[in-house]
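Me: Could you walk me through a structure, with a look at how its helices pack and what lines its pockets?

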Amino acid sequence: MKVTVVGAGNVGATCADVLAYREVVNEVILVDIKEGLAEGKALDIWEKAPINVYDTRTVGVSNDYSKTAGSDVVVITSGLPRKPGMSRDDLIETNAGIVKSVTENVIKYSPEAIVIIVSNPLDVMTYQAHLTSKFPRSKVMGMAGILDTARYRAFLAEALNVSPKEIQAVLMGGHGDTMVPLPRYTTVAGIPVTELIDSEKLDAIVQRTKTGGGELVKLMGTSAWYAPGAAAAQMVEAIVKDQRRVFPVCVKLEGEYGIDNCYLGVPVILGKNGIEKVIELELNEDEMAMLKESEGHVREVMSVLDKLNNK
Ligand SMILES: NC(=O)c1ccc[n+]([C@@H]2O[C@H](COP(=O)([O-])OP(=O)(O)OC[C@H]3O[C@@H](n4cnc5c(N)ncnc54)[C@H](O)[C@@H]3O)[C@@H](O)[C@H]2O)c1
């Protein structure tokens with residue numbers, strides 16, 4: 001199996017590293033526009049192979065998409081990250097152009113690939129990749145839900161002083177402050193979380209999760225990469241190993257949840273064909289209202305993209 005990761009910056013290089021040391025695939029191609037960057041990082045990951053004991057071949061290229069030919073999965077991380085004070089939506093103009101040109105190059109050489117978008121604003125960049133590739137929705141998706149859920153699970157594990165392995169959760173909606181954590185569907189080794197934590201503490205954790213990306217941007221001056229890179233690699237693994245794992249993933253909704261033609265995070269089954277199935281949960285009134293609010297926000301940014309594309 002062969003995977004291409006476009007963008008050898010913080011997130012892309014981390015994703016390539018996880019794919020290599022976990023031996024998810026045989027070959028990882030790292031691509032960047034900056035001369036030497038992808039070559040250098042791929043070589044560094046390859047030189048780590050004898051230490052961490054793996055044999056995944058990692059190769060870097062500067063803008064030469066012929067080397068990516070025949071990739072089974074392509075992860076697109078190219079684009080600007082946020083700086084303090086910026087929202088993800090502020091990145092739209094620059095990143096839409098990058099995602100468009102990268103998608104064109106990628107599908108030229110890998111017309112059968114499954115495409116995972118990481119660049120922000122996530123939901124709308126997934127829409128851009130969909131417009132450019134014209135691939136079915138099962139083959140173009142965005143990574144955000146695994147990361148947002150991981151943040152929520154990590155905060156809960158800390159508050160409850162239990163292993164993060166024990167926390168199962170699902171989170172829906174757009175990748176932004178209108179994301180929809182679902183405490184009703186959160187368990188600690190099968191125990192409803194509401195039995196273990198009072199509602200005030202849980203609300204504070206939900207709030208922290210919604211602004212979890214911004215918390216890190218404030219601390220580091222740029223956005224996160226360890227968890228985002230690992231989250232994208234986990235999606236690749238579910239696809240190439242046909243694991244049929246259930247993850248929140250950004251996908252084009254086609255009537256599910258009463259929402260049509262909008263890109264939102266929802267639980268899906270991920271397997272060899274990409275999105276194997278969108279899972280429709282029974283949401284209560286409050287949860288549905290939050291999802292609708294998130295939809296409204298994503299639709300606003302989608303219409304900004306439409307205007308940019310029609311300029
Ligand atoms: N979806 C998520 O949950 C999530 C999480 C973290 C970051 N992000 C987003 O991922 C993107 C990357 O973040 P990062 O921290 O890795 O940024 P980074 O600046 O470290 O890396 C981005 C890389 O993209 C490269 N690039 C730019 N234009 C390119 C092009 N046309 N072709 C190939 N490469 C190109 C740059 O040279 C750079 O190396 C940002 O948009 C960020 O907001 C998303």
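Reply: Happy to, and one definition comes in handy to begin with: a crossing is left-handed if the near helix is turned anticlockwise from the far one by less than a right angle, and right-handed if clockwise. Please keep in mind that this is a predicted model.

Me: Thanks! Is the crossing of H5 and H6 left-handed or right-handed?
Reply: Helix H5 covers residues 145-160 and helix H6 covers residues 199-210, and their axes come within 9 Å. These axes cross at roughly 145°. The way H5 passes H6 is right-handed.

Me: How many nonpolar, polar and charged residues make up the contact of H5 with H6?
Reply: On the H5 side we find Asp148, Tyr152, Phe155, Leu156, Glu158 and Ala159, and they meet Leu202, Ile205, Val206, Arg208 and Thr209 in H6. Sorted by class, the residues of this contact come to 7 nonpolar, 1 polar and 3 charged.

Me: Which element supplies the largest share of the lining of the largest pocket?
Reply: Helix H1 (10-21), strand S2 (27-32), helix H2 (37-52), helix H3 (92-109) and H5 each supply at least two residues of that lining. Domain 1 (2-142) and domain 2 (145-309) each give it at least three residues. The largest share is 5 residues, and it comes from H3.

Me: And which element gives the most to the lining of the second largest pocket?
Reply: This pocket has a volume of about 540 Å³, and 25 residues line it, with Ile146, Arg153, Gln234, Arg245 and Phe247 nearest its centre. Two or more lining residues come from each of H5, strand S7 (167-168), helix H8 (226-240) and strand S12 (245-254). With 6 residues, the one that gives the most is H8.

Me: How many nonpolar, polar and charged residues does the lining of the second largest pocket have?
Reply: Domain 1 (2-142) and domain 2 (145-309) each contribute at least three residues to this lining. H5 is among the elements that give it two or more. By class, the lining has 18 nonpolar, 3 polar and 4 charged residues.

Terms used. Residues numbered from 1 in each chain as written. Predicted model: local features only at pLDDT ≥ 70, side-chain atom pairs only at ≥ 80, totals over all residues. Heavy atoms only, no water. Axes fitted to C-alpha atoms, helices over the stretch in contact; angles between N-to-C directions. Helix = DSSP H or I, 4+ residues; strand = E, 2+ residues; numbered from the N terminus. Contact = heavy atoms within 4.5 Å. Nonpolar A, V, L, I, M, F, W, Y, C, P; charged D, E, K, R; others polar. Domains from an automatic or database assignment. 1 Å grid on protein atoms, 1.4 Å probe; cavity = no way out; pocket = protein on both sides within 12 Å on 5 of 7 lines; lining within 4 Å. Points joined across faces, edges and corners; volume = space filled by probe spheres on them.
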